[in-house]
Amino acid sequence: MKANVIVALVVGLVLGFFGGKAATGPGKSSDSGSVQAAAAPSAPSQAAKPSRQADPTVFKVPLEDSARLGSDDALVTLVEFSDYQCPFCSRAHATVEKLREEYGNKLRVVMKQNPLSFHPRAKPAAIAAMAAGEQGKYWEMHGKLFANSRALEDADLEKYAQEIGLDMARWKKDITNPKYQQIIDRDQALAGQLGANGTPAFFINGRLLSGAQPIDNFKAIINEELTKAEGMVKSGIKPGQVYAAIIEKGQTRAAPPQPAAREQPSGPRKVEAPVDAPSHGEKAAKVTIVMWSDFECPFCSRVEPTLTKVRETYGKDVRIVWRNQPLPFHQNAKPAAEAALAAHEQGKFWEMHAKLFANQKALDRASLDKYAQEIKLDMGKYKQAMDSGKFRAKIDADSAAGSAVGANGTPTFFINGRQLVGAQPFESFKQVIDEEIGKADKLLSSGVKLENLYAKIMESASNAPAPSEPAAPAEPPVQKIEVGQAPSKGPANAPVTIVEWSDFECPFCGRVGPTLKQIEEQYKGKVRIAFKHQPLPFHANARLAAAASMAAHEQGKFWEMHDKLFANQRALDRASLEKYAEELKLDMGKFKQALDSDKFKALIDADSAEGTRVGANGTPTFFINGRTFVGAQPFENFKRVIDEELKKAEGGAVAKDAK
């Protein structure tokens with residue numbers, strides 16, 4: 001794959017959205033209506049319109065030992081991820097206080113710590129509050145901090161501690177306890193895992209609400225959750241067990257970002273709809289939608305109800321044609337595509353299609369065979385097709401055709417050749433379909449036969465290659481990125497520091513390795529490279545590989561293990577990792593003990609959380625002297641930024657000498 005295509009895919013991940021909902025960037029809280037947040041509350045019984053930003057998805061948000069306020073029998077639990085220096089968090093604090101007054105013992109508030117890296121006093125403030133909690137006065141300190149969010153220096157914190165009547169000697173000793181940093185790391189890792197990337201973020205009985213939103217948006221969800229909880233209590237669940245019952249089957253991770261939904265502006269493309277491809281609808285239809293999809297892609301699954309609605313709304317006027325685009329980082333997507341085509345051979349593609357999307361986390365061979373049995377396929381014929389790889393060439397041909405027309409991410413649709421990318425809502429499809437039906441009616445009235453309509457439309461379509469990457473966004477502001485204890489190579493005082501967030505199972509991370517080596521050679525002594533971990537949730541072995549690299553780092557051989565892992569990205573199971581450790585002559589007892597005890601879990605979680613906070617949501621992401629640089633880009637692109645930074649450093653040195 002060409003480098004610019006790689007960049008497009010990774011940039012798409014970082015600039016993406018979660019299932020059609022715009023992602024809130026690090027520190028950019030959703031502030032719509034935050035001024036109204038302090039408005040007078042209405043009675044709990046008053047119906048409030050559901051928030052547009054409220055998602056019905058329930059996440060499993062553990063309370064752990066976090067500070068909580070309210071009864072354990074409360075029917076609604078509000079978990080807040082917050083930052084004491086964030087102005088939006090201060091505004092939201094006033095809203096939460098009003099909610100507590102209004103809902104009384106029906107609402108419990110739990111506080112999680114997410115001090116953002118660009119708020120230098122947020123972390124000391126969080127530690128000050130937790131240390132006050134040791135003396136039973138967390139919430140008193142919490143109130144002081146939000147009331148004085150612009151005065152959080154050490155002297156200020158000490159003053160607030162005195163004002164709330166703490167034992168000052170004990171408090172001063174407690175704030176040095178390293179356990180508070182561990183709690184912050186844990187909370188921030190959880191926030192990143194759940195998609196709560198900005199502050200404030202709230203989970204109301206597990207449902208995410210982002211930003212300092214109007215009080216009515218909170219009340220809409222709280223009222224819904226109260227109704228549900230009251231029903232659960234009537235069914236026999238004790239009030240104190242309601243929260244645990246609600247989140248028991250909640251999602252443990254937010255979906256990875258999806259490329260931003262858009263229609264390509266370049267006009268219709270010449271897109272083939274193969275006669276033997278699985279399809280829904282009449283072959284002679286006014287509108288043909290050719291889709292490229294992946295059975296392991298969560299966004300492909302999310303768009304399926306929309307496609308069902310398209311079929312129900314437009315009937316015989318729309319045909320939907322399926323083509324395969326199993327992405328390389330979805331390890332079971334290609335076997336699933338093979339199983340679907342093996343079912344297609346027996347006239348049951350859509351039955352298998354439904355099974356696969358209903359069971360996206362169970363697409364191993366045994367599961368695929370089970371689904372084949374359930375839909376009553378001829379198992380001998382099915383297994384022969386799977387074992388022989390009969391449909392692999394067809395899948396590869398689909399993928400190549402998709403790449404040729406610009407379907408590099410999934411799902412991608414071509415509606416009479418017009419490209420639409422992402423799990424978009426029905427209205428987005430409807431707009432294009434209605435326009436295409438209008439055009440089709442004109443062609444039909446001019447004498448074109450319905451069965452020749454799609455071919456006629458394709459005659460005037462462009463067969464030029466699709467643009468390989470989206471328009472480059474404005475470069476984000478420079479951030480302060482700490483190397484900390486991350487493995488690094490190059491002088492600590494180098495004028496240019498590159499901090500990389502990476503994943504040992506990510507193919508793009510592997511591809512950028514030679515470029516980084518070229519940078520090391522060309523800029524020897526001038527560039528320092530540091531490595532931080534961002535194992536993506538859909539890479540099954542990435543986290544274990546990260547742990548192995550840190551176990552090697554403990555023995556002074558991080559970079560040797562780093563190279564082994566990237567050279568063997570398809571063999572990162574435990575046995576393979578031990579083999580690499582032996583090849584590097586590590587102390588195997590120490591290495592195995594580190595992996596068995598999950599010794600580096602907190603460190604890896606902290607790296608991931610930090611990466612999420614600074615915007616490293618896809619891999620690889622680099623910060624070159626704090627400047628964001630995304631993707632497996634060519635050497636020339638790195639060189640441009642490095643040379644600019646070296647020039648700045650030289651200018652600074654000259655100015656210093658002149659003084």
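Predicted model: local features only at pLDDT ≥ 70, side-chain atom pairs only at ≥ 80, totals over all residues.
Tutor: Residues are numbered from 1 along each chain as its sequence is written. Local features need pLDDT of at least 70 and side-chain atom pairs pLDDT 80 or more, while totals for chains, interfaces and linings use all residues, and side-chain values use heavy atoms, without hydrogens and water.

Student: Why is Lys 112 called buried?

Tutor: Buried means under 20% relative accessible area, exposed over 50%, and partly exposed in between (1.4 Å probe, protein chains only). Lys 112 has 0% relative accessibility, so Lys 112 counts as buried.

Student: What makes Glu 64 partly exposed?

Tutor: Its relative accessible area is 38%.

Student: What does the pair Glu 64 and Lys 112 tie together?

Tutor: Glu 64 lies in the loop between strand 2 (21–22) and strand 3, and Lys 112 lies in strand 5, so the pair ties together parts 48 residues apart in sequence. Strands (E, at least two residues) and helices (H or I, at least four) are DSSP runs, numbered from the N terminus.

Student: Why is the contact of Asp 276 with Lys 394 called a salt bridge?

Tutor: The closest N and O atoms are 3.5 Å apart. That is within the cut-off, so the name applies. Lys 394 is partly exposed, at 21%.

Student: What makes strand 3 and strand 7 edge strands?

Tutor: Two strands pair if DSSP finds at least two bridges between them. Five strands form an open sheet in the order 3-5-4-6-7. Strand 3 (67–69) and strand 7 (207–210) each have a single partner strand, so one side of each is left without a neighbour in the sheet.

Student: How do you know that strand 4 and strand 6 pair?

Tutor: Strand 4 (residues 76–82) and strand 6 (residues 201–204) share four bridges, in the antiparallel sense. The rule asks for at least two, so the strands pair.

Student: What makes a set of residues a nonpolar core?

Tutor: Its members are buried Ala, Val, Leu, Ile, Met, Phe, Trp, Tyr and Cys residues, joined through side-chain atoms within 4.5 Å. The largest such core has 67 residues, Trp 171 among them. Helix 3 (residues 122–133) gives the largest share, eight residues.

Methods. Salt bridge = Lys/Arg side-chain N within 4 Å of Asp/Glu carboxyl O.
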